[in-house]
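Hi everyone, thanks for coming. Let me put the model on the screen, and then we can walk through a pocket and some helix packing together.

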Amino acid sequence: MPAADAEPPASAGPGPEADPEPAGEPTSTEPATAEQGELSARDVAVLALERRGWAGPGAKERAIRERLGMSPTRYYQVLNALLDDPRALRHDPVTVNRLRRLRAARRSRR
């Protein structure tokens with residue numbers, strides 16, 4: 001029966017395990033991609049820059065401008081948002097957790 005060979009098994013048909021988006025989730029690929037996808041190249045570069053040790057703030061600010069092409073203010077805005085992003089935690093848990101602890105300590109001192 002060649003027709004039976006051409007059809008996928010019944011278990012491979014559409015079902016909850018084959019559906020990439022759970023029911024009730026938005027059907028737009030834009031939010032799902034942003035939520036489930038990987039970090040952007042810029043976000044990875046921000047985390048890599050933050051992972052390094054720096055002799056002083058001047059060298060770090062210069063590297064931010066030269067390597068990332070953004071102002072230090074924008075860099076810290078992006079970095080702060082990354083600390084709340086689960087994708088960043090999966091990408092670099094050591095750096096993200098260290099920065100979260102520092103942020104929490106600064107907030108508790110206020």
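Let's start with helix 7, which gives the largest pocket the largest share of its lining, five residues. Helices here are DSSP runs of H or I with at least four residues, numbered from the N terminus. A pocket is an open set of points on a 1 Å grid over the protein atoms alone, where a 1.4 Å probe fits, with protein on both sides within 12 Å along at least five of seven lines; lining residues have an atom within 4 Å of a point.

Before going on, a word on the source: this is a predicted model, where local features need pLDDT of at least 70, side-chain atom pairs count only at pLDDT 80 or more, and totals for chains, interfaces and linings use all residues. Residues are numbered from 1 along each chain as its sequence is written, and side-chain values use heavy atoms, leaving out hydrogens and water.

How confident is the predictor, on its pLDDT scale from 0 to 100? The chain averages 77, and 67% of the residues score at least 70. Over residues 6–34, though, the pLDDT is below 50, and beyond near neighbours in sequence this stretch has eight contacts in the model, a contact being heavy atoms within 4.5 Å.

Back to our pocket. Its lining includes Glu-50, Lys-60, Tyr-76 and Arg-103. Helix 5 (72–83) and helix 7 (93–109) are the elements that each give two or more residues to that lining.

Now, how does helix 5 pack against helix 4 (residues 57–68)? Their angle is about 85°, with the axes 9 Å apart; axes are lines fitted to C-alpha atoms over the stretch in contact, and angles run from 0 to 180 degrees between N-to-C directions. The two helices are therefore roughly perpendicular, a label for 65 to 115 degrees. Among the residues in contact are Ile-64 of helix 4 and Tyr-75 of helix 5.

Helix 3 (residues 41–51) also packs on helix 5, at about 100° with axes 10 Å apart. That pair is therefore roughly perpendicular too. Here the contact includes Val-46 of helix 3 and Leu-79 of helix 5.

Terms used
Angles under 35 degrees count as roughly parallel, over 145 as roughly antiparallel, 65 to 115 as roughly perpendicular and the rest as oblique.
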